[in-house]
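Colleague: Please take a close look at the side-chain pairs in this model, and at the charged pairs above all. Which residues meet, and where do they sit?

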Amino acid sequence: MPHKPYNPNPINSSSVTLDTQLTDLTERLAENTHDLWALERMEQGWKFGEERDDALKLHPCLISYEELPEAEKVFDRKTALGTLKAIMALGYQIQAPLVVSGDAPDAQSGIALDGWKSHLESASTLAKNKGKRAGTFDMDDAAELTQLESTNLKHAKAVLQELQTQIFPVWEKEDAAALCLQRRHHWIASLAIWPGVIAILCAILQLTARFVLPKESSLPSILANVELGAVVVAALAVIGGLGFHLHHGWLAHRQRAERLRILKFQALSWPELWCDFDAWKRKLAVEVTKLREVTTKAAHHWAKEKDSVRPELPEAPACVVPPADLQALSLHYRIKRLDFQRNYFDHQATKAHRSSWFVDGKFGLWIFGLSVVIVLWHGFHHLTGVGAHVAVQPDKVEILAISLAAVLPVIGFGFRAWFAAFEAPRSRNLYRAKALALDDYINRSATHENDVEQTLHHIAHGEHFFTNEHREWCRLQMEAEWFV
């Protein structure tokens with residue numbers, strides 16, 4: 001008789017969230033699941049063997065749970081986790097005993113955490129005030145590893161050591177290259193814009209000087225030499241910047257550096273960090289290699305990708321998470337990432353605001369309006385005439401007025417080109433909005449630092465925010481008029 005089609009229909013437990021105590025219980029149940037399986041096999045005559053042999057009844061997993069490879073533990077953990085969630089999904093409640101081993105940091109860990117928090121806050125304050133480590137505080141954990149040396153926060157130390165070894169040297173190199181090329185871009189834009197403006201002003205002033213000054217004046221000759229020199233400098237800057245790509249690729253270096261920064265903190269949300277540390281290290285190495293190989297073309301393509309609305313939230317670890325180490329890394333993330341980055345956004349918004357005085361003061365509009373007034377005055381002066389000679393030979397005042405009407409727009413163009421090269425006004429608004437948005441992330445992170453799943457979700461949400469923020473910044477720079 002043929003079997004009916006079988007459609008598995010497990011209890012829907014997707015909406016169930018386990019607190020820290022029940023997550024810890026999962027590991028104990030996983031160990032019990034393995035012991036029950038092993039006991040049944042042994043009663044059937046099975047023994048330990050390096051390789052499985054059904055005929056001889058040999059099995060490599062007939063060892064203690066602690067000795068099992070992580071890949072084998074995962075099956076038992078999933079079984080235990082699924083059982084707990086199914087029980088709660090059916091409406092039952094699981095009451096934890098009054099005392100649960102490992103459900104909170106012990107006295108020694110509490111002291112270590114207090115010292116850890118004090119260290120992070122002191123170092124952060126110093127960095128924010130542009131003191132030591134101002135440029136590397138969030139990425140360089142050398143001082144933090146020294147602080148953890150004498151504590152029992154062994155897992156937190158191992159995590160930071162791995163991040164320091166795998167990510168910091170690569171980030172440091174990319175960050176230095178980006179800063180160098182950004183300075184070069186700054187200088188090339190300056191040498192192309194301002195000498196060009198000076199050359200145009202000298203040309204206008206030469207004509208003015210020939211009409212206004214005596215013929216024996218040497219000023220027109222001096223202006224001609226300045227004009228020639230300025231034209232040469234501007235031309236070399238443009239040729240060097242565009243023809244030889246002297247400032248090409250700085251965005252790719254900056255993107256690699258920022259994505260490495262995101263990776264460092266995003267890795268704290270991976271469940272493997274708690275359940276399979278070796279797998280976590282391998283995954284981290286793979287991601288670092290991928291980012292090191294990002295080309296300029298790939299960087300531009302990544303920047304143009306559509307921002308994702310929601311992050312991929314990690315699953316709760318199916319293993320015991322040491323509460324003290326969880327709190328240590330949660331503090332590390334909140335202070336070294338969220339709080340420090342918020343301070344950076346505030347600083348950049350203030351800096352961009354100071355650089356936006358030309359736009360904020362509507363100086364471009366005022367300069368244009370003044371030029372129009374001068375031209376209107378010249379037209380009225382010419383039509384009414386102050387004498388018959390006006391239409392034939394303009395007087396000095398009229399010549400100066402015409403020169404000023406021509407000079408003012410050139411100066412306004414110079415400032416506009418300068419601000420367009422770096423998008424200061426738009427950057428200011430972007431940074432200000434991001435700083436305000438981080439307040440919510442900081443508050444939520446502090447509220448749930450003892451909850452494993454919530455902590456991992458907050459980190460995932462935070463790095464998703466920073467990913468979209470950096471992609472937006474890249475697009476902003478690519479829209480700048482002097483970007484190549």
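Modeller: What follows is a walk through the side-chain pairs, beginning with the charged ones.

First, the ground rules. This is a predicted model, in which local features need pLDDT of at least 70 and side-chain atom pairs count only at pLDDT 80 or more, while totals for chains, interfaces and linings use all residues. Residues are numbered from 1 along each chain as its sequence is written, and side-chain values use heavy atoms, with hydrogens and water left out.

Now the charges. Side chains of opposite charge can pair when their charged atoms come close. A salt bridge here is a side-chain nitrogen of Lys or Arg within 4 Å of a carboxyl oxygen of Asp or Glu. Helices (H or I, at least four residues) and strands (E, at least two) are DSSP runs, numbered from the N terminus. Buried means under 20% relative accessible area, exposed means over 50%, and partly exposed lies in between (1.4 Å probe, protein chains only).

The structure contains 20 salt bridges. One of them joins arginine 261 to aspartate 138, with 2.4 Å between the closest N and O atoms. Arginine 261 belongs to helix α8 (residues 250–266), and aspartate 138 to the loop between α3 (107–128) and α4 (142–148), so this pair ties together parts 123 residues apart in sequence. Arginine 261 is buried at 9% relative accessibility. Aspartate 138 is buried too, at 2%.

Next comes lysine 336. Its salt-bridge partner is glutamate 144, and the closest N and O atoms are 2.9 Å apart. Lysine 336 lies in helix α12 (residues 323–355) and glutamate 144 in helix α4, so the parts tied together are 192 residues apart in sequence. Both lysine 336 and glutamate 144 are buried.

Helix α12 also holds arginine 337. The side chains of arginine 337 and glutamate 463 form a salt bridge, 2.9 Å from N to O. Glutamate 463 sits in helix α17 (residues 452–478), so to speak a distant part of the chain, 126 residues from arginine 337. Arginine 337 is buried, with a relative accessible area of 2%. Glutamate 463 is buried at 0%. Salt bridges can also share partners: Asp138, Asp175, Arg254, Glu258 and Arg261 are joined into one network this way.

Stay with helix α8 for a moment. Lysine 264 has its place there. Lysine 264 is buried, at 1% relative accessible area. A polar contact is a pair of N or O atoms within 3.5 Å; within protein, one must be able to donate a hydrogen and the other to accept it, and residues adjacent in sequence count only if both atoms are side-chain atoms. A polar atom of the lysine 264 side chain lies 3.3 Å from the backbone oxygen of methionine 139. Contact in general means heavy atoms within 4.5 Å. Setting aside neighbours within four places in sequence, lysine 264 is in contact with Asp138, Met139, Asp140, Asp141, Leu163, Ile167 and His332.

A charge can also sit over a ring: NZ of Lys or CZ of Arg must be within 6 Å of the ring centre and within 35 degrees of the ring normal. The charged end of lysine 73 sits over the ring of tyrosine 65, 5.2 Å from its centre. Lysine 283 lies over the face of tryptophan 270, 4.3 Å from the ring centre.

Rings of Phe, Tyr and Trp (its six-membered ring) pair if their centres lie within 6.5 Å; planes under 30 degrees apart count as stacked, over 60 as edge-to-face and the rest as tilted. There are six aromatic pairs in the structure. Tyrosine 344 and phenylalanine 345 have ring centres 6.0 Å apart and planes at 55°, so their pair is tilted. Tyrosine 344 is partly exposed at 36%, whereas phenylalanine 345 is buried at 1%. Phenylalanine 465 and phenylalanine 466 have ring centres 5.4 Å apart and planes at 75°, so their pair is edge-to-face. Phenylalanine 465 and phenylalanine 466 are both buried.

Last, the sulfurs. A disulfide is a pair of cysteine sulfur atoms within 2.5 Å. The whole structure has one disulfide. Cysteine 275 and cysteine 319 form it, with sulfur atoms 2.1 Å apart. The torsion about their S-S bond is about -85°, so the disulfide is left-handed. Cysteine 275 is in helix α9 (residues 272–275) and cysteine 319 in the loop between α11 (296–304) and α12, 44 residues apart. Cysteine 275 is buried at 12%, and cysteine 319 is buried at 2%.
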